[in-house]
Amino acid sequence: MWILILLAALELCWAQYSPNTLPGRTSIVHLFEWRWNDIALECERYLAPNGFGGVQISPPNENLVVTTPWRPWWERYQPISYQLCSRSGNESEFKDMVIRCNNVGVYIYVDAVVNHMCGAAAGSGHYSTCGSYFDSGKRDFPAVPYSGWDFNDGKCKTTSGEIENYNDLYQVRDCRLVSLLDLALEKDYVRSKVAEYMNHLIDIGVAGFRIDAAKHMWPGDMKAFLDKLKNLSTEWFAEGTRPFIFQEVIDLGGESIKSNEYFGNGRVTEFKYGAKLGTVIRKWNGEKMAYLKNWGEGWSFMPSDKAVVFVDNHDNQRGHGAGGASILTFWDARLYKMGVGFMLAHPYGFTRVMSSFHWPRYFENGKDINDWVGPPSYEDGSTKPVSINPDTTCGNGWICEHRWRQIRNMVIFRNVVNGQPFTNWWDNNSNQVAFGRGNQGFIVFNNDDWNLTATLQTGLPEGIYCDIISGQKEGNICTGIKIHVHGDGTAYFNISNDAEDPFVAIHVSAKL
């Protein structure tokens, strides 16, 4: 009897590591700052047909409205209440999005901001996305409700009330992060209000949560509110399915708080992934792609089954939150596509693709002073819809990297090779590398300053394959390069160092 109880408890715990995506769908996309109506459309017209498993959305709850003179992206991370109204849409639009996306097998993952409320200096009034009253000075948020009893002001030991030393784990978890009012999650009332909010989202049909600022919460306090969460809706998920949990913990080494402290609650964001991959692909500090042979745990990353990985995210593409100039973004499109291609081909971690909007970069003293700019908006501050151009790219200031042919086709590649071993590694001791995924797929990169010409063992069945980077298979033709795999599994590759995309990828679903 006790063994059965223990097994059930273990199954419940491990369930939070499963993304709950449909079988054969292995990646999600972060549609940063998109409106709910646009996400619903994108699920139906693009994400489902192209094998995306889900969408990470921006925080859906009521937040502070900031005018600086335009509304910044970071206002979404200053909660006023847990009511579902934001510039992405109201509660009925949110429900419609979840239902429509779930119905085509593309699930919704909510960015949950539960460590804090708005900034201490936000003031008082009704300038919030639902119009709820609040008074940050009095710690009064009646729409939740929270009062002065529900914050960590008395627990923080710094004179400023702010985090002053990131090597002091008590400061990091009990003091204010950039003035944001830190919730007292040791109190059962606060835990219950957080769980009530998340359970409302589960009732609507979401599949899981990215926990924002998890590093700033005690793992035990997080476990306490996560344990209060319901199982997912049986309308779309099997009975007893737990919500997928992945926690934002920035751990580049050198600080007192470590990612592994949070493994008991679910997966964790591996921030070293994008920082290191960017350094390698940029060829900084003598790094070479040949060094990627033992990529993953061999680079001191967390275990693959605990990791959520990404080349960039909404913070570090702006130089915030484990940023640094090594991070690859859409601004460096050629290198970026190689980075995302490598991530989606490699078996390590659960992958998330970024989808961004354009902002007018302006540098002073090496810093982008426009890194605060919010999504494409009208003069009244409302967010512009995502328009789709005739060539299927996006307009209205939206970048939509997930719609770039190379990235979309690599999402499909990852689905095709899912579960296959990492095989047939080859490198030239420099920046030309190749590897396979069992007998299902093979990818070759040329990041050197000279052409790649090589006959390589692909591990694939004999036949003619369409390269899915320069084009794709359409009917019985390849719109890009053709690769002939011989009976012994070898194929000849010729990749120019000045090609628009100096890599080639083939898989068995793109075979003529």
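The model is predicted. Helix H7 and helix H8 meet at an angle of about 125°. Helix H5 has 17 residues. A cis peptide bond joins Val144 and Pro145. Gln432 is found in strand E18.

**Helices H7 and H8**

- Helix H7 covers residues 271-281, and helix H8 covers residues 333-345.
- Their axes lie 10 Å apart, and the packing angle is about 125°.
- H7 and H8 are therefore oblique to each other.
- Their crossing is right-handed.
- On the H7 side, the contact is made by Tyr273, Leu277 and Ile281.
- On the H8 side, the contact is made by Leu335, Met338, Gly339, Phe342 and Met343.
- Seven residues of this contact are nonpolar, one is polar and none is charged.
- An α-helix has 3.6 residues a turn, so residues three or four places apart point the same way.

**Helix H8 on its own**

- H8 has 13 residues, which should span 18 Å at 1.5 Å a residue.
- The end C-alpha atoms of H8 are 18 Å apart, which agrees.
- Of the 13 residues of H8, 10 are buried, so H8 is largely enclosed by the rest of the structure.
- The buried residues run from Tyr336, Lys337, Met338, Gly339 and Val340 to Gly341, Phe342, Met343, Leu344 and Ala345.
- Met338, Gly339, Phe342 and Met343 of H8 are buried, and these four also take part in the contact with H7.

**Helix H5**

- Helix H5 spans residues 188-204.
- From its first C-alpha to its last, H5 reaches 24 Å, close to the 24 Å expected at 1.5 Å a residue.
- Its buried residues include Val190, Val194, Ala195, Met198, Leu201 and Ile202.
- Arg191, Lys193 and Asn199 are also among the buried residues of H5.
- Just after H5 comes Gly205, with a positive phi of about 130°.

- The peptide bond between Val144 and Pro145 is cis, with omega about 0°.
- Pro145 sits in the loop between strand E6 (134-135) and helix H4 (169-174).
- Lys283 is not a glycine, yet its phi is positive, at about 60°.
- The loop that holds Lys283 runs between H7 and strand E11 (307-309).
- Lys283 has 31% relative accessibility, so it counts as partly exposed.
- Asn396 is not a glycine either, and its positive phi is about 65°.
- Asn396 belongs to the loop between strand E16 (394-395) and helix H9 (405-417).
- With a relative accessible area of 33%, Asn396 is partly exposed.

**Gln432 in strand E18**

- Strand E18 covers residues 432-437, and Gln432 is part of it.
- Is Gln432 buried or exposed? At 5% relative accessibility, Gln432 counts as buried; the cut-off for buried is under 20%.
- Which residues touch Gln432, leaving aside its neighbours within four places in sequence? They are Trp426, Asp427, Phe445, Asn446, Asp448, Trp450, Asn451 and Leu452.
- Gln432 and Trp450 are 18 residues apart in sequence. In space, their C-alpha atoms are 9.6 Å apart.

How values were computed:
Residues are numbered from 1 along each chain as its sequence is written. This is a predicted model: local features need pLDDT of at least 70, side-chain atom pairs count only at pLDDT 80 or more; totals for chains, interfaces and linings use all residues. Side-chain values use heavy atoms; hydrogens and water are left out. Axes are lines fitted to C-alpha atoms, for helices over the stretch in contact, and angles run from 0 to 180 degrees between N-to-C directions. Helices (H or I, at least four residues) and strands (E, at least two) are DSSP runs, numbered from the N terminus. Angles under 35 degrees count as roughly parallel, over 145 as roughly antiparallel, 65 to 115 as roughly perpendicular and the rest as oblique. A crossing is left-handed if the near helix is turned anticlockwise from the far one by less than a right angle, and right-handed if clockwise. Contact means heavy atoms within 4.5 Å. Ala, Val, Leu, Ile, Met, Phe, Trp, Tyr, Cys and Pro count as nonpolar, Asp, Glu, Lys and Arg as charged, and the others, Gly among them, as polar. The expected span of a helix is 1.5 Å times one less than its number of residues. Buried means under 20% relative accessible area, exposed over 50%, partly exposed in between (1.4 Å probe, protein chains only).
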